[in-house]
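Hi there,

Here is the structure I promised to pass on. Have a look at it first, and then read my notes below.

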2 protein chains.
Amino acid sequence: MKTPHIPPEWAFDFHGHLCPFMPIGYRMGKLAMKFLNVEREKDHGFFVFPQLGEGHPQTCMMDGIQVATGATYGKVLMEKTFYGKLAATFYHPKKGAVRYSLKPEFIDEMGKFEFFAYRKCGVEPSEIPPSVVAEVTNWVYEQPDDYLFKIEARPDFTFTPPKHSFNKAICSVCGEYVFERYLRLKDGKPVCIPCSGYNKGR
Amino acid sequence: MKTPHIPPEWAFDFHGHLCPFMPIGYRMGKLAMKFLNVEREKDHGFFVFPQLGEGHPQTCMMDGIQVATGATYGKVLMEKTFYGKLAATFYHPKKGAVRYSLKPEFIDEMGKFEFFAYRKCGVEPSEIPPSVVAEVTNWVYEQPDDYLFKIEARPDFTFTPPKHSFNKAICSVCGEYVFERYLRLKDGKPVCIPCSGYNKGR
């Protein structure tokens, strides 16, 4: 038994290397879409909140989620929560929300593969022997969904996207365009955040 | 004269719709890579800091940048600065940094196309007549690089990626794995951020 949710070839081109986590994210995304009964997002209507962070491994899941769902970072549909967990909440305003997480037993079992010995020595995924990468990736493909994923409906989850505006103005210092939300005032004139000398955007 | 930096077909599958901005980001990414003399990033060594934010249009650029550079959000190589500007800084620890921004004159000229009249009425890109989308996208393809982009070498730009650790532990409340950086303590026991009741991860 092999999962039908295997990423298309271009997903590996996008991601840059073969590893087990991009495909895990892809599968998570496909299953969450099925759970919520949503199609791949063409525009700006489906949101994913990966509960991952920075400075830890296995974040590659998020690239698989982008590929599966179309809820991309570029369309401002994906934003990490910085919780350092292997989970994500999927939210569609008309269909509700569901959280998928990786089960600890699955993570422990997967962690026994040689791939992780290389990674813990600092070997980058593209430098690991392809047979070692294929071994763990294929093993994951063969495990049933309920061995990988805990699923929690989140009926109370809500999210209000930031109000959208096309308004923009020229920074009076650098002469570049700035969208209105990020304009600041200095000596009575509109400036961008870097030219303002004030703190970051939010 | 047409730019040679036109996204591959799969980039449009990834992004979900045709619009001028994904291709602009792709082209920006390709040019920045050439400027810095870096290859598409397979693993985790090339960083992009888009100076965009949220609640404004034209963020689709970032998907094109992900596609071109391999500096993806899933690999934690891309992070917005929340400045609301149409620009990005590209940084390779061994090759230096460069900032590319869109020139206001180009933005103004592009803004005259019918595509933007639809967008300002709230019509999603996938719902705009394909000929209208093609008109502006093809026009952009035909403009020279120096009409689109301002280029600034950033010799003083530095960035230190967060220290990486594989350490993780089980949250004593929910039983899920948490990477060490995001573990908190509550009543002397390790917990994840949501179970802690404390504030967000950072």
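To start with a question: does A:Glu176 count as buried or exposed? At 6% relative accessibility, A:Glu176 counts as buried (buried means under 20% relative accessible area, exposed over 50% and partly exposed in between, with a 1.4 Å probe and protein chains only).

Before the rest, some housekeeping. This is a predicted model, in which local features need pLDDT of at least 70 and side-chain atom pairs count only at pLDDT 80 or more, while totals for chains, interfaces and linings use all residues. Residues are numbered from 1 along each chain as its sequence is written, chains are lettered from A and ligands numbered from 1 in the order in which they are written, and side-chain values use heavy atoms, with hydrogens and water left out.

**Back to A:Glu176**

A:Glu176 sits in the loop that links strand 5 (168–170) and strand 6 (177–179) of chain A. Helices (H or I, at least four residues) and strands (E, at least two) are DSSP runs, numbered from the N terminus. Leaving aside residues up to four places away in sequence, A:Glu176 touches A:Ala169, A:Ile170 and A:Cys171 in chain A, and B:Lys85, B:Arg99, B:Ser101, B:Pro104, B:Lys150 and B:Glu152 in chain B (contact means heavy atoms within 4.5 Å). A:Val191 is 15 residues from A:Glu176 in sequence, and their C-alpha atoms are 9.2 Å apart in space.

B:Ile107 also has partners in both chains: apart from residues up to four places away in sequence, B:Ile107 touches A:Lys168, A:Tyr177, B:Leu86 and B:Leu102. B:Ile107 belongs to helix 4 (residues 104–110) of chain B and is buried, with a relative accessible area of 5%. Between the C-alpha atoms of B:Ile107 and B:Ser131, 24 residues apart along the chain, the separation is 20 Å.

**Chain A as a whole**

Chain A has eight helices and eight strands. Taken along the principal axes, its C-alpha atoms fill a box of roughly 65 × 40 × 30 Å. Of its 202 residues, 55% count as buried. Among the contacts in chain A with a separation of 6 or more, 64% come from residues 24 or more positions apart. The accessible surface of chain A is about 8700 Å², and 52% of that belongs to carbon and sulfur atoms (Shrake-Rupley method with a 1.4 Å probe; for residues, only the protein chains shown count as cover).

**Two helix pairs**

Two packed helices are described by the angle between their axes and the distance between the axes. Axes here are lines fitted to C-alpha atoms, for helices over the stretch in contact, and angles run from 0 to 180 degrees between N-to-C directions.

In chain A, the axes of helix 2 (residues 21–36) and helix 3 (residues 61–69) come within 6 Å and cross at roughly 40°. These two helices of chain A are therefore oblique to each other (angles under 35 degrees count as roughly parallel, over 145 as roughly antiparallel, 65 to 115 as roughly perpendicular and the rest as oblique). Helix 2 of chain A passes helix 3 of chain A in a right-handed crossing; a crossing is right-handed if the near helix is turned clockwise from the far one by less than a right angle, and left-handed if anticlockwise. The residues that meet include A:Phe21, A:Ile24 and A:Met33 in helix 2 of chain A and A:Met61, A:Ile65 and A:Val67 in helix 3 of chain A. By class, this contact has 10 nonpolar, four polar and two charged residues (Ala, Val, Leu, Ile, Met, Phe, Trp, Tyr, Cys and Pro count as nonpolar, Asp, Glu, Lys and Arg as charged, and the others, Gly among them, as polar).

In chain B, the axes of helix 2 (residues 21–36) and helix 6 (residues 130–142) come within 10 Å and cross at roughly 20°, and the two are therefore roughly parallel to each other. The contact is made by B:Pro23, B:Ile24 and B:Arg27 of helix 2 and B:Thr137, B:Val140 and B:Tyr141 of helix 6. B:Thr137 is buried, with a relative accessible area of 3%.

Most residues other than glycine have a negative phi. Phi of A:Phe82 is near 60°, and A:Phe82 is buried, at 8% relative accessible area. Phi of B:Asn37 is also near 60°, but B:Asn37 is exposed, at 55%.

Best wishes
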